[in-house]
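Here are some friendly notes to read alongside the model. Please keep the view open and follow the points in order.

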Amino acid sequence: EAIKSLSNNTDILIDKSRNTDTYNHIYKIDAIYDTITHPALTSYLNERGLNVKSLQGFAKQIHWGKDEKKYFGIGLENMNGSFAVRSSVFKGNINGTGASFNTVGDNPTSIKIFEGLIDFGSYRTLKPHESYITVILNSTANLTSKVVNKIKDYANDLYVVDKKASLIHLYLDNDEGGHIASKKLLEGLEMVEDRSYFYTEMGLNDVNDYLKAQQNEECERYHLKR
């Protein structure tokens, strides 16, 4: 993150063996589709235990290009009007970075904070009927004072029946970056609860790992019954 800041978001070398792009680009966006339909993208979601429905209304199918090269991926618009984009071969930002704020359902009573789009989609798969304000950081580096203040504003607007109840729920990664971000939020906000215990107690890294573990368990039970 320091290198990106010092380099003013210009291209920097990364580990090409991962075949992913983890930095920002200024690209021309050719098309934005509300529904994700490309087979490569739906296949990628299926590999992560998700279907298109879990992200419908939030993520979009983004097509962009640079010079004569064309690319596509699953994009989530952030608070700055740019996109966090990912696919099986790309993870980065198009035209800037930032956290994403969205409302899930018609009557949100809590704020749920995730590190990335896949974790958000995993939670929606596990709990499809809940209503809340979702904050997707798209990177723990986006947890700026501006984002924290915006979370505070949303929290102040929500009606809480039990003032002792937690209002802001954290589902960040079970790693150093996730722990640091969780600590910052726990210390900087009121009525915050770290709810990552349901996957961290199993030694898993995030909500998506938990979803896939649950799906594998159900698959095994199905085969045992047969």
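1. Start with Asn 208, which touches Arg 48, Ile 118, Asp 119 and Ser 122, leaving aside residues up to four places away in sequence; contact here means heavy atoms within 4.5 Å. Asn 208 sits in helix α7, residues 207-225. Helices are DSSP runs of H or I with at least four residues, strands are runs of E with at least two, and both are numbered from the N terminus. Because its relative accessibility is 0%, Asn 208 counts as buried. The cut-offs are under 20% relative accessible area for buried, over 50% for exposed and in between for partly exposed, with a 1.4 Å probe and protein chains only.

2. A word on the ground rules: this is a predicted model, in which local features need pLDDT of at least 70 and side-chain atom pairs count only at pLDDT 80 or more, while totals for chains, interfaces and linings use all residues. Residues are numbered from 1 along each chain as its sequence is written, and side-chain values use heavy atoms, with hydrogens and water left out.

3. Is Lys 152 buried or exposed, or something in between? Lys 152 counts as partly exposed, because its relative accessibility is 35%. You will find Lys 152 in helix α4, which covers residues 145-157. Gly 188 and Leu 189 are what Lys 152 touches, again not counting residues up to four places away in sequence. Ile 168 is 16 residues from Lys 152 along the chain, and their C-alpha atoms are separated by 9.5 Å.

4. Next, look at strand β5, residues 83-86. Phe 83 and Val 85 point one way from β5, Ala 84 and Arg 86 point the other way, and all are buried.

5. Which strands does β5 pair with? Strand β4 (residues 69-77) pairs with β5 in the antiparallel sense over four bridges, and strand β6 (residues 91-94) also pairs with β5 in the antiparallel sense over four bridges. Pairing requires that DSSP finds at least two bridges between two strands. Opposite Val 85 in β5 stands Gly 75, and Phe 83 has Ile 94 in β6 as its bridge partner.

6. The turns are worth a look too. Five residues lie between the strands in the hairpin of β4 and β5, where Gly 81 takes a positive phi near 85 degrees. The hairpin from β5 to β6 runs through four residues.

7. Finally, the whole protein chain: it has seven helices and 11 strands, and 44% of its 226 residues count as buried. Among its contacts with a separation of 6 or more, 60% come from residues 24 or more positions apart.
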